[in-house]
Amino acid sequence: MDWLYSEKVKDHFINPRNVLIDENSFDYDAKGVVGNIKCGDEMIFYIKVDKKKNIITDCRWKTYGCASAIASTSFLSERAKGMTLNDAYRISPKDIMTELGGLPEHKVHCSVLGDKALRAAINDYYERNNMADKIRKEEARTVCQCMNVTDHEIENAVLDGARTYLELQEKTKLGTVCGQCKEVAIRMMEQYKKEHFE
Amino acid sequence: MSKRRIYVDNNATTPLHPEVKKVMVESMDVFGNASSLHSFGRLARKHIEKARATVAGFIGAKPEEVIFVGSGSEGNNTILNIFTCKCPVCDATPDGGKEIFTSRIEHPCILRTSECLMERGTRVVFLDVDQYGKVAPEQIEENISDRTGLVSIMMANNEIGTIMDIKRIAEAAHEKGGFMHTDAVQAVGKIPVNVNDLDVDFLTLSAHKIYGPKGVGAIYVKKGVPFCPMIRGGHQEQGRRAGTENTLGIIGLAKAIEMASIEMGSDAERLLKLKTKLKEGIEKSIPDIHFNGHPVDCLPGTLDVSFAGAEGESILLYLDLEGIAVSTGSACASGSLDPSHVLLSIGLGAEMAHGSIRFSLGRENKEEDVEYVLEKLPPVIGRVRGMSTAYRGSK
């Protein structure tokens with residue numbers, strides 16, 4: 001019998017890796033919470049960090065979420081281990097989805113939750129360890145939380161010819177999930193247009 | 001994956017009744033166009049008119065008051081659209097028919113159509129329901145005016161199974177000269193439905209919810225009430241629904257109705273017993289749950305339950321891996337970010353709405369099926385709750 005999504009998604013859904021069942025059983029250095037039960041999904045990501053190398057040595061997660069949230073976060077949790085905080089912050093949800101064999105468009109929202117929670121956890125780590133300068137920089141950079149699109153990418157898209165919000169979306173995939181970043185993104189786009197072309 | 005497969009999603013659709021299947025296979029060669037005058041056409045016509053009499057008889061209508069349509073959704077769309085027709089050639093546009101009353105928990109084919117009618121200038125009142133999903137007839141009595149053209153309230157809700165007091169609502173609708181429609185897609189064939197007892201002017205029914213084929217349904221249109229066809233361009237169905245008749249589907253629908261007239265009573269009794277067993281089993285083995293829908297006035301086979309802290313799509317898919325087929329009111333299963341409008345309307349919080357599972361039992365379900373569900377469900381809920389951010393465990 002065919003399954004709803006890819007075999008890889010199924011495998012991670014049936015046997016999710018690194019799920020935290022008991023919060024007291026994992027000694028974490030930072031955690032990130034995103035989503036909201038009201039919207040039907042919530043995710044917590046916990047990381048343990050090698051303080052000297054800034055490397056994620058271990059991680060756990062928990063979710064009130066659907067199959068694609070479970071599967072993609074399970075996959076992400078395996079990927080994040082051993083990465084530097086910097087690299088882990090830059091994991092692209094698009095790559096995760098591709099490696100999972102694809103998910104339908106309306107499931108993108110759910111599957112990027114893990115990435116968002118991981119980034120929140122990394123920021124939490126920075127905050128707890130007096131590296132607040134890093135957070136502000138990172139936070140200012142990510143405009144579209146869902147698709148992890150930064151201000152640099154918006155700037156590049158404008159330089160690359162994007163003049164309307166639709167064109168910006170086409171180039172960056174920004175705002176294609178929850179759409180909350182639309183206003184900010186348009187403002188930024190206008191600013192870059194002014195900066196570079198007016 | 002488990003080899004056992006249990007289908008408890010009969011409100012979504014049903015398998016064909018073996019008798020329906022048999023008669024449809026036998027009728028496979030009745031290909032003539034029922035509008036043709038020759039023997040091929042006449043044979044098809046004979047089948048269709050026999051089917052019409054069967055369907056009409058079952059709901060207490062006259063044959064000429066039954067119009068075959070392509071689905072329950074088409075039937076509902078047709079009826080709502082009558083009341084905003086502005087075209088001078090049809091007999092609709094009843095005086096003052098500029099206002100429609102419906103409820104918040106109708107099927108989307110009523111809700112979306114109503115929204116569309118609003119855009120066209122019709123006033124639509126979406127009535128609230130109580131915690132069990134019932135529309136209070138008083139709400140209509142108090143708010144209805146002579147501008148009200150139509151009151152459209154479903155007879156039984158597809159998600160939670162609640163059965164409405166259609167007779168009283170119809171009375172209220174008629175008080176000021178409005179017409180009454182009930183979407184009885186989930187009711188006909190499951191509980192007694194008689195258009196005279198209910199005193200409705202319009203009613204919609206569908207074949208595939210009662211072990212008939214997909215793509216066919218019927219509407220009851222009381223003699224003398226306004227009508228306006230939605231699909232035009234043919235004299236079929238007394239000019240009320242153009243398009244060559246779906247003979248095979250209509251034959252299947254009539255057979256499903258005929259079987260319901262024989263088996264409905266005993267099926268209902270058996271399904272209620274199975275549902276009670278399922279309900280009590282869930283109550284016993286799983287904490288922090290909430291049953292949705294009316295405790296008594298409910299379709300015999302429908303059981304909707306919310307599991308605190310557990311997301312519905314995950315539950316559905318883990319159950320699917322065990323071979324159990326159910327539905328959920330979770331947003332994640334619908335493609336939107338909102339959970340079921342029905343569950344929100346009865347006052348459930350978002351978490352409980354996202355965590356809802358609908359079991360809808362049908363004629364093929366046996367006691368062993370319920371036992372199998374009761375064996376597989378608790379570990380699935382335990383598992384989903386185990387990884388949930390929203391479940392803190394039972395005290």
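**A strand in chain A**

Analyst: Strand β2(A) is largely enclosed by the rest of the structure, because eight of its ten residues are buried. Please keep in mind that this is a predicted model.

User: Which strand does β2(A) pair with over seven bridges?

Analyst: That is β1 of chain A, residues 30-36, and β1 and β2(A) run antiparallel. Within β2(A), A:E42 stands opposite A:G35.

User: And how many bridges are there between β2(A) and β3(A)?

Analyst: There are nine bridges, and the pairing of β2(A) with β3(A) is antiparallel. A:K62 in β3(A) is found opposite A:I44.

User: What holds paired strands together in general?

Analyst: Strands of a sheet pair through backbone hydrogen bonds, in either a parallel or an antiparallel sense.

User: How many residues lie between β2(A) and β3(A)?

Analyst: Four residues lie between β2(A) and β3(A), which form a hairpin. In the turn, A:N54 has a positive phi of about 55 degrees.

User: Let us turn to the contact with the other chain. How many residues of chain A are in contact with chain B?

Analyst: There are 23 residues of chain A in contact with 21 residues of chain B. On the side of chain A, α1 (7-14), β2 (41-50), β3 (55-64) and α2 (67-80) each supply at least two residues. That side of chain A has 16 nonpolar, four polar and three charged residues.

User: Which domains are assigned in chain A?

Analyst: The domain assignment gives domain 1 (1-130) and domain 2 (141-198) for chain A. The C-alpha centres of these two domains of chain A are 25 Å apart. Seven residues of domain 1 of chain A are in contact with six residues of domain 2 of chain A. On the domain 1 side, α5 (108-111) and α6 (113-128) of chain A each supply at least two residues. By class, that side of domain 1 of chain A has three nonpolar, two polar and two charged residues.

User: How far apart are A:D87 and A:C66?

Analyst: A:D87 and A:C66 are separated by 21 residues in sequence and by 27 Å in space, C-alpha to C-alpha.

User: Now chain B. What is the reach of helix α2 of chain B?

Analyst: Helix α2 of chain B comprises residues 39-59, which is 21 residues, and reaches 31 Å from its first C-alpha to its last. That is close to the 30 Å expected at 1.5 Å a residue.

User: Which residues of α2(B) are buried?

Analyst: The buried residues of α2(B) are B:A44, B:H47, B:I48, B:A51, B:R52, B:T54, B:V55, B:F58 and B:I59. These residues lie on the same side of α2(B), because they cover an arc of only 165 degrees around the axis.

User: Against which elements do the buried residues of α2(B) pack?

Analyst: They pack against β2 (66-69), α7 (195-198), β7 (202-206), β8 (217-221) and α9 (247-285) of chain B. After α2(B) comes B:G60, which has a positive phi near 80 degrees.

User: What is the strand order in the open sheet of chain B?

Analyst: Four strands form that open sheet in the order β9-β10-β13-β12 of chain B, with antiparallel pairing. At the edges are β9 (289-292) and β12 (327-328) of chain B, each of which pairs on one side only. Two bridges join β12(B) to β13 of chain B, residues 356-360. The bridge partner of B:S327 in β13(B) is B:R358.

User: Finally, what does the domain assignment give for chain B?

Analyst: For chain B, the assignment gives domain 1 (6-14 + 264-386) and domain 2 (18-259). The C-alpha centres of the two domains of chain B lie 28 Å apart. In chain B, 23 residues of domain 1 are in contact with 24 residues of domain 2. The largest share of the domain 1 side, three residues, comes from α11(B). The residues of that side of domain 1 of chain B divide into seven nonpolar, twelve polar and four charged.

How values were computed
Residues are numbered from 1 along each chain as its sequence is written. Chains are lettered from A and ligands numbered from 1 in the order in which they are written. This is a predicted model: local features need pLDDT of at least 70, side-chain atom pairs count only at pLDDT 80 or more; totals for chains, interfaces and linings use all residues. Two residues are in contact if their C-beta atoms, placed from the backbone, lie within 7 Å. Ala, Val, Leu, Ile, Met, Phe, Trp, Tyr, Cys and Pro count as nonpolar, Asp, Glu, Lys and Arg as charged, and the others, Gly among them, as polar. The expected span of a helix is 1.5 Å times one less than its number of residues. A residue is buried if 20 or more other C-beta atoms lie within 10 Å of its own, exposed if 12 or fewer, and partly exposed in between; C-beta atoms are placed from the backbone. The arc is that of the directions from the helix axis to the C-beta atoms. Two strands pair if DSSP finds at least two bridges between them. Domain bounds come from an automatic or database domain assignment.
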